[in-house]
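Please look over the sequence and the model before reading on. The paragraphs below walk through the structure part by part.

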Amino acid sequence: MAPTSSSSPGPPSSGVTLLLAAAASAAISLAAASCLVTGYGLIKLRGGDTLSRLRERRKKKKGRKGLIGAIGKTPLIRINSLSDATGCEILGKAEFLNPGGSVKDRVAVKIIEEAFASGQLSPGGVVTEGSAGSTAISLATVAPAFGCRCHVVIPDDAAIEKSQILVALGATVERVRPVSITHKDHYVNIARRRAAEANELSSLHCKGTRRNGKDQKLANGHALEEEIESLPFPNDCTGGFFADQFENLANFRAHYDGTAPEIWEQTDGSLHAFVAAAGTGGTVAGVSCFLKDKNPTIKCFLIDPPGSGLFNRVTRGVMYTKEEAEGKRLKNPFDTITEGIGINRLTENFMMAKLDGAFRGTDKEAVEMSRFLLKNDGLFLGSSSAMNCVGAVRVAKELGPGHTIVTILCDSGMRHLSKFFNPEYLSQHGLTPSATGLEFIGL
């Protein structure tokens, strides 16, 4: 006989209890997992972040495979010596741990991805760039992952090891003399021309034609005087794309969409200030905009090397340097041992920045800081990273103890051996380090 059903349910059986407990546990685990960002531990959803937005970022990252998928999600490390000396938590985003060795890996990927999406670049194409080093190295690193080649125009006073790395990575390299950006043979302008030449080469091959002798046809406003045979591109080139890191806002977006959200998540939104130097301006603009959008009370600062006009732009509203005013403009647009930072014009990327102030750093401070961090923290950092740390201490002194300050450790010292870490070179420029502590920055 079938059991008679009761009008009121009794207590659940032990089996049902176990099932309910398991379901509840799974729900709790799922909720906890939803608040996890791989590599960062448990975070709170603050400042307008939603689970769907976090999932979308993880999904996008997960869709990148191979080398490209390894870029980003770099550690945010406490710089113990500077933190202890200032009473602040000074944190450095260890971008030198990216596969290509610098923060520019993020920019290179974003530029190429957007060029593919817009149809301006395709497999077999050539990415051209004018760069003092790090962006070029990053482009040369990631371009093959997209089936592309890389052609770099670099000023001949950049550290020689950067050119050597580029050649080893398979890029074609042109070293040219440094001239003003207004000159047609500035390295950036030459890189722009090379992209136009690659596009013409591709177009002519598509038509099955070849030029006879020399041609004065214009591309991007410049005469293409080279014969096709002399162009530094293979015959199967599908076209050229000028990365244009200074003006291409993919640079800004790489940091607004990537670097800055990582900083926010790694600090749980509990930071008080961000500081960095600017070359193209993409990093300081992307990070400052994102952080200000999250919390307008976060202070964002620029640290600027000697000769650059950005300090005066931020503090006085004009681009002006003493060297230019006195007619003493040297062979570079700015005169500093640091590479990749400092500029005397406003870029599209920099104009996006939201800054509360600026500090002027010196070459001697950058050199001394690099040696101090190597000795006390084991951090072997390049010139721009050292300048950023100078900026972090300046911010700490202004805000006082108890604040959390984030900066960018752009690249390591491995690309700076011939100049920034060369005792003879430093001696020639009166930059031999001599400090025993942080007295060079007033601590």
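This is a predicted model: local features need pLDDT of at least 70, side-chain atom pairs count only at pLDDT 80 or more; totals for chains, interfaces and linings use all residues.

The chain has 443 residues, and 51% of them count as buried. Its secondary structure comes to 15 helices and 14 strands. Among contacts between residues at least 6 apart in sequence, 72% join residues at least 24 apart.

T86 belongs to helix α4, residues 80-86. Is T86 buried or exposed? Its relative accessibility is 11%, so T86 counts as buried, the cut-off being under 20%. Leaving aside neighbours within four places in sequence, T86 is in contact with V393, A396, P401 and L443.

The interior comes next. In soluble globular proteins, nonpolar side chains tend to be buried together. Here the largest nonpolar core holds 38 residues, of which I263, L271, F274, L291 and V406 touch the most other members. Two or more residues of this core come from each of α8 (187-207), α9, β11, α10 (282-294), β12 (299-304), α11 (310-316) and β14 (404-409). Which element gives the largest share? It is α10, with six residues.

With α10, the angle is about 50 degrees and the axes are 7 Å apart. Why is α9 called oblique to α10? An angle under 35 degrees would count as roughly parallel, and 65 to 115 as roughly perpendicular, so this pair falls in the oblique class. The crossing of α9 and α10 is right-handed. On the α9 side, the contact is made by N251, F252, H255, Y256, T259, A260, P261, I263 and W264. On the α10 side, it is made by G282, T283, A285, G286, V287, C289, F290, L291, D293 and K294. By type, the residues of this contact divide into 11 nonpolar, six polar and two charged.

The other partner is α5, residues 104-118, which packs with α9 at an angle of about 125 degrees, with the axes 8 Å apart. This angle makes α5 oblique to α9. Here too the crossing is right-handed. From α5, the contact uses R106, V107, K110, I111 and E114. From α9, it uses A250, N251, R253, A254, H255, D257, G258, T259 and E262. The residues of the contact of α5 with α9 divide into four nonpolar, four polar and six charged.

α5 is also among the elements that cover α6. How many of the nine residues of α6 are buried? Nine of the nine are, namely S134, T135, A136, I137, S138, L139, A140, T141 and V142. Besides α5, what covers them includes α3 (66-69), β5 (126-130), β6 and α7.

Helix α7, residues 160-168, has E161, K162, S163 and L166 buried. These buried residues pack against α6 (134-142), β6 (149-155) and β7 (172-176). After α7 comes G170, which has a positive phi, near 95 degrees.

What is the relative accessible area of D244? It is 18%, so D244 is buried. D268, with a relative accessible area of 24%, is partly exposed. The cut-off that separates the two classes is 20%.

Methods: Residues are numbered from 1 along each chain as its sequence is written. Side-chain values use heavy atoms; hydrogens and water are left out. Buried means under 20% relative accessible area, exposed over 50%, partly exposed in between (1.4 Å probe, protein chains only). Helices (H or I, at least four residues) and strands (E, at least two) are DSSP runs, numbered from the N terminus. Contact means heavy atoms within 4.5 Å. A nonpolar core is a set of buried Ala, Val, Leu, Ile, Met, Phe, Trp, Tyr and Cys residues joined through side-chain atoms within 4.5 Å. Axes are lines fitted to C-alpha atoms, for helices over the stretch in contact, and angles run from 0 to 180 degrees between N-to-C directions. Angles under 35 degrees count as roughly parallel, over 145 as roughly antiparallel, 65 to 115 as roughly perpendicular and the rest as oblique. A crossing is left-handed if the near helix is turned anticlockwise from the far one by less than a right angle, and right-handed if clockwise. Ala, Val, Leu, Ile, Met, Phe, Trp, Tyr, Cys and Pro count as nonpolar, Asp, Glu, Lys and Arg as charged, and the others, Gly among them, as polar.
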